[in-house]
Number of protein chains: 2
Amino acid sequence: MNLKKVSLAVAFFGLTLGGLYGQTLKSPDGKFQMDFSLKNGTPYYQLKYNGKVVVEESKLGLRLFKDNNIQFASEINKTEGNENDLNQGFSKVSEKRDTKNESWQPVMGEKKSYINNYNELTVNLHQDKQDRTIAIKFRLFNDGLGFRYEFPQQKNLNYFVIKEEDSEIDLPSDMKAWWIVGDYDTQEYQYQTSKISEIAAKWAGAVEQNASQFPIKNTVQTPLILKKEGKEPLYVDLGEAALINYPASHLEVDSQNYKFKTHLTPDAQGAKGYIQTPFNTPWRTIIVSPTAAGILDSKMIFNLNEPTEYKDTSWIKPTKYMGVWWEMIIGKSQWAYSTEDNVHLGKTDFSKLTPNGKHAANNTKVREYIDFAAKNGFDGLLIEGWNVGWEDWFGHSKEDVFDFVTPYPDFDIAALNDYAHSKGIKLIMHHETSGSTVNYERWLDPAFKLMNKYGYDAVKTGYVGNIIPRGEHHYSQWTNNHYLHVAKKAADYKIMVNSHESVRPTGLNRTYPNWIAAEAARGTEYDAFGGNNADHTTILPFTRQMGGPMDYTPGIFQTKMDYYFPGDKRMVKTTLAKQLALYVTMYSPLQMAADLPENYAKHMDAFQFIKDVAVDWDDTKILDAEPGDYLHIARKAKGKDEWYVGGITDENKREFTVDLSFLDKGKKYEAVIYEDGKDADYDTNPQSYHIYKKTVTSATKIPVKLARSGGYAISLKAVK
Amino acid sequence: MNLKKVSLAVAFFGLTLGGLYGQTLKSPDGKFQMDFSLKNGTPYYQLKYNGKVVVEESKLGLRLFKDNNIQFASEINKTEGNENDLNQGFSKVSEKRDTKNESWQPVMGEKKSYINNYNELTVNLHQDKQDRTIAIKFRLFNDGLGFRYEFPQQKNLNYFVIKEEDSEIDLPSDMKAWWIVGDYDTQEYQYQTSKISEIAAKWAGAVEQNASQFPIKNTVQTPLILKKEGKEPLYVDLGEAALINYPASHLEVDSQNYKFKTHLTPDAQGAKGYIQTPFNTPWRTIIVSPTAAGILDSKMIFNLNEPTEYKDTSWIKPTKYMGVWWEMIIGKSQWAYSTEDNVHLGKTDFSKLTPNGKHAANNTKVREYIDFAAKNGFDGLLIEGWNVGWEDWFGHSKEDVFDFVTPYPDFDIAALNDYAHSKGIKLIMHHETSGSTVNYERWLDPAFKLMNKYGYDAVKTGYVGNIIPRGEHHYSQWTNNHYLHVAKKAADYKIMVNSHESVRPTGLNRTYPNWIAAEAARGTEYDAFGGNNADHTTILPFTRQMGGPMDYTPGIFQTKMDYYFPGDKRMVKTTLAKQLALYVTMYSPLQMAADLPENYAKHMDAFQFIKDVAVDWDDTKILDAEPGDYLHIARKAKGKDEWYVGGITDENKREFTVDLSFLDKGKKYEAVIYEDGKDADYDTNPQSYHIYKKTVTSATKIPVKLARSGGYAISLKAVK
């Protein structure tokens, strides 16, 4: 007999007998129902969709340390009894209900406005013994549930230290999951596809090497996309919203019972959050839809974030950019200037060092990039390796790695910015911290002043390697606060931030819209390092991108490293046409054309799509989608009568018919279709593509054939 | 048979047979001899004074972690083998000798100039197997030995992480020790007096509660004063010089073998130093003298520091100050403004809170203090509790405790500074960090700008409570770097720093003279908390003060707390006259008159000495001294023909004759003698004192009687 089923039966039996569910909350459209109950003083919730259980009765609560004097990580395993925990001994004292139906306009987004429509239930719970009150707030939308813990300021709960948050999500069946390994320091894992019941067995094999990593056994990361297969499929997306002053959460997997539980990122002492009341935790989110497209349509995570605090957002702008970058990633050039391997900030005279002859960020090369980017209408040019310190920036737990203000001898910061501005583009700053957050904070003001002085308005930050303060993790409360500190301070200087190796976004760009994008997942660079799977970009929109834009850096036309280094087997597993499609499927208001100018120059006809495509949108239609398989999206350019369509597939060939019914009725559009060539194949013939034009209307249907890991892109401009 | 003696015999036997000592170094006066040897690839040294062994053959070396990826504290106990250690497998490749005899002038000091006279031996050692070279540098002065490890930049030793430094100091006999418990987070322990052999048994009993502490079993702190008693007494003072970018060291005690070994302060991960070559460790110092006065005369620790990096030091000035402080320490007033116990920086509107009615730093009271301090010729007035955040500043591991720029509603920062300046004194800033170093660093620039704006030129910093970044300690490498970062940044703003709860000074005020003083030991405030022993101030000059000035905050005239709170048993265990003496015996160019104006007003005749006494000196004579018993010092005021003499005793009455032979021959001086009254006693009659005047010459001898924990002070001004 299935143990899972036994416990289920007991739960329902209890329900029937005892009438335990005190509170019921329904979504505005009535399709969702959330039931809250207290059982022996412990809070539980259950979620139904169309009358069927989506999340079984699941426990809520937190465990706390007795006091704030955590000394070392080992303490986390100490048994302290549950006297101090916030997971038992509760009685319900009151409830409060609210409802909201509004729309709001993101500074930049996938649509002009987002609808925020929910019914809310706040349950106030009291622990008699400890005389403490907490609240659990539930918001039920038409696309799922969000809940969080709220801690009012009170005599017996002013300050506490979290040992663990134990929010359970108990699923009724063994769903299919697209998952990556839970880790305190990296999100750059390859996706695994398996049943929940298989995760435990597959977990260890899914751990790959990373520059900084701390994999946590049998946990997976959020957002996590799940699918109940069968006649009535259901998609469930587990995530997190509004991660502020709190550690990022992973999901512990109970493979036998198809149950997940939050697992927070600890600090150097093993503690998981230092809280001062009043305080609200981030939201735990459960997005539910019968279609995969419905998941992508959900803006629940953004709705659960607060409106922006910024009064003026006019300086925050969508940006299409190129970069002196890919040539270092593939190993053709270097970030470092010299042949040294041990340099001292403020002491080493870099002008006296022997140049290594491979430094990309030099005056000549940067001017060439500026020329190409400017000629092709880009907004910006990222330059990495412009500043001193790259000789020994990584792997030494070195604190004072970079000063963010001193250019290498061959990088004339004033002249190059002048040159770029004369051509109508801006240089994009690069601040690699090497994980040394404290050093970065010491330099923030002078670094941002330098940017203001020379006219930079955007910075790409990086956190490669172990975090300093040592023992902190990339996703611990302290480091999460650091990222936000940087974003806020950047806003003081009207600077946009694109953070790499930072914590996964949880919709914070609604509140802090200058934090326009992040990496926080395995990006295109991994293709140069060892390859992403062909289905990688069909999964990311359901996971990493649910919380905000990703700087995925698409646009690789020369996918074979053999081109640069004869015999080199590395490759980007994609056709050229699929790379074009990514500009539509991978939403970001900051979008890079990552390849070298020389590679674009050979395919200017295809490059035209990258030049044309918008990066900020008035509308988005998910035409069809299935995680791990394919994705077809149409988007309407902000403020223009132009649409762009992108479609991609995994390692399998596919056919699809693009139904243009989303176009305005009666209008004519000139369509340019960029599709895989007949013989295109990501492995054998990635650069085979076919471009043709066609006048179309909303009645037109365009058939497309996608090669293995192929794709297509269509631009549609209204004919006047 | 004594095991100790056996091992000694073996060592000497080895010496005789093998001629192991390759290198011999003598002090300039020939009295000291240091012998270096390699035994089976491990370095040893031995120190003799006047032909007798002072330090027996003692091992040198360091243990390293295999790589930089230390994850948690538990790793420190892992056995890794010694392949990577720097303590074995050495062969000597070369030696280098040097000598120096110079004098230099401190910006402020006990004498106008200090003599720096030593012979130096650098032994270059090579590990063949690892192909690494290190050096050990010995400097032998006429007052003892300093040595350090030097790590040249090289292919196989660019970066490493220290597991422990194992510098041994093996003493030949069971000396008397005045010691405090070794601790990663506090130095504020009461001194213990015992034989070395008794430390292990007495250690646990010597651990007292502190706001932040991490006592390390069977370790003691440096500087440590030791005495070989008997017919030919010898004093040995073990310390540390030039602690930069390295953790502070404690001494592990081998009570059976009278042996000490360095024990460094770990970071949150248990690692003890992240090193990039080239790098030199701090110096280990062994000061030796047949007299206790000789120990106090030693300026070896300062000599082992580098000359100042500052070009202009004219803004660094000796400062005598009062403070709105003691009344909070004793509990009469409060730092906090309101009755709240949970406030949020940047959110709480303090003007809306209910005042607690005990806030000392208010406009009225501060003006009264200004009036009194100005009228009596003080340079500055410290005001604590001026800024918002004190309501919940301590014990909550709260990161954003203070912003260092926002005054409480009843503190008019502009008006009060104007008022003070109009009276010729400066307000002294107070920056309590509550241990949250990262928060303080975020606010450093605005805080120092605020000081410049209002004309503050000195700041007292504080680090009460556990350090944030959490898991770091008060004396770990990271935090030591923080203190220096603050001092250097303060110098950019021409601000002097007086740091409390910071790491013990190691002579760094030679290099960074604006770091004019520190607390870093148990100060007068402990008298209000629970009492210092009567011998406390007779020991501090041999320990804490060997490395630099201490802001001890003497001058308590009202020693009985019963005066404020009837029935309160707390007391400062001292006579009033002893408090005067401390201005001479406790050297600091920053000197406080800590008591309340009302208490001074009652004893203006005695207060005259505090008004008169200098705080910066052209000369210092240690007239007589014995740690734990008594101390008599005469100092000549900087640039004046004035001398000040101070003498103190422990819990025992004493008599002493002050021989004024240090005065210029043939000149007449007017002496004012402040001595204990005939019936004076720290317990029964502390405020009994007697003042008289006398014209004296260098031939005069002044007899003084010191009460139990009593003292005397003499001012001597040349008659023109």
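A salt bridge is a side-chain nitrogen of Lys or Arg within 4 Å of a carboxyl oxygen of Asp or Glu. Keep that in mind for the views below, which all come from a predicted model.

**View 1. A salt bridge joins chain A to chain B.** Here the side chain of Arg442(A) reaches that of Glu441(B), with N and O 2.5 Å apart. That distance lies within 4 Å, so the pair counts as a salt bridge. Between chain A and chain B the count is two salt bridges. The surrounding contact draws on 42 residues of chain A and 42 residues of chain B. Together the two chains bury about 3,600 Å², and carbon and sulfur atoms account for 47% of it.

**View 2. Two domains of chain A meet.** Where they touch, 53 residues of domain 1 are in contact with 50 residues of domain 2. About 4,100 Å² is buried between these two domains of chain A, with 56% coming from carbon and sulfur atoms. Which residues of domain 1 lose the most area to domain 2? They are Gln187(A), Glu188(A) and Tyr191(A), and together they make up 19% of what the domain 1 side buries.

**View 3. Arg522(A) pairs with Glu208(A).** Now look for a charged pair in chain A. The closest N and O atoms of Arg522(A) and Glu208(A) are 3.5 Å apart, and the two residues form a salt bridge. For domain 1 and domain 2 of chain A, the count is one salt bridge.

**View 4. A salt bridge links distant parts of chain A.** Glu232(A) and Lys52(A) form a salt bridge, their closest N and O atoms being 3.2 Å apart. Follow the chain and you will find that these partners are 180 residues apart. Glu232(A) sits in the loop between β16 (224-228) and β17 (234-241), while Lys52(A) belongs to strand β4 (residues 52-59). This pair is one of 86 salt bridges found over all chains in a search of the whole structure.

**View 5. Helices α12 and α14 of chain A pack together.** Two packed helices are described by the angle between their axes and the distance between the axes. For α12 (residues 576-585) and α14 (residues 604-612) of chain A, the angle is about 10 degrees and the axes are 9 Å apart. Angles under 35 degrees count as roughly parallel, so α12(A) is roughly parallel to α14(A).

View 6. In chain A, the cis bond joins Thr222(A) and Pro223(A), with omega at about -15 degrees. Pro223(A) lies in the loop between β15 (215-220) and β16. In chain B, Thr222(B) and Pro223(B) are joined by a cis peptide bond whose omega is about -10 degrees. Pro223(B) is in the loop between β15 (215-220) and β16 (224-228) of chain B.

**View 7. Lys494(A) has a positive phi.** What is the value of phi for Lys494(A)? Phi is near 55 degrees, a positive value in a residue other than glycine. To find Lys494(A), go to the loop between α9 (477-492) and β27 (496-500) of chain A.

Note on methods:
Residues numbered from 1 in each chain as written. Chains lettered and ligands numbered in written order. Predicted model: local features only at pLDDT ≥ 70, side-chain atom pairs only at ≥ 80, totals over all residues. Heavy atoms only, no water. Axes fitted to C-alpha atoms, helices over the stretch in contact; angles between N-to-C directions. Helix = DSSP H or I, 4+ residues; strand = E, 2+ residues; numbered from the N terminus. Parallel < 35°, antiparallel > 145°, perpendicular 65-115°, else oblique. Contact = heavy atoms within 4.5 Å. Buried area = accessible area lost by both parts, 1.4 Å probe.
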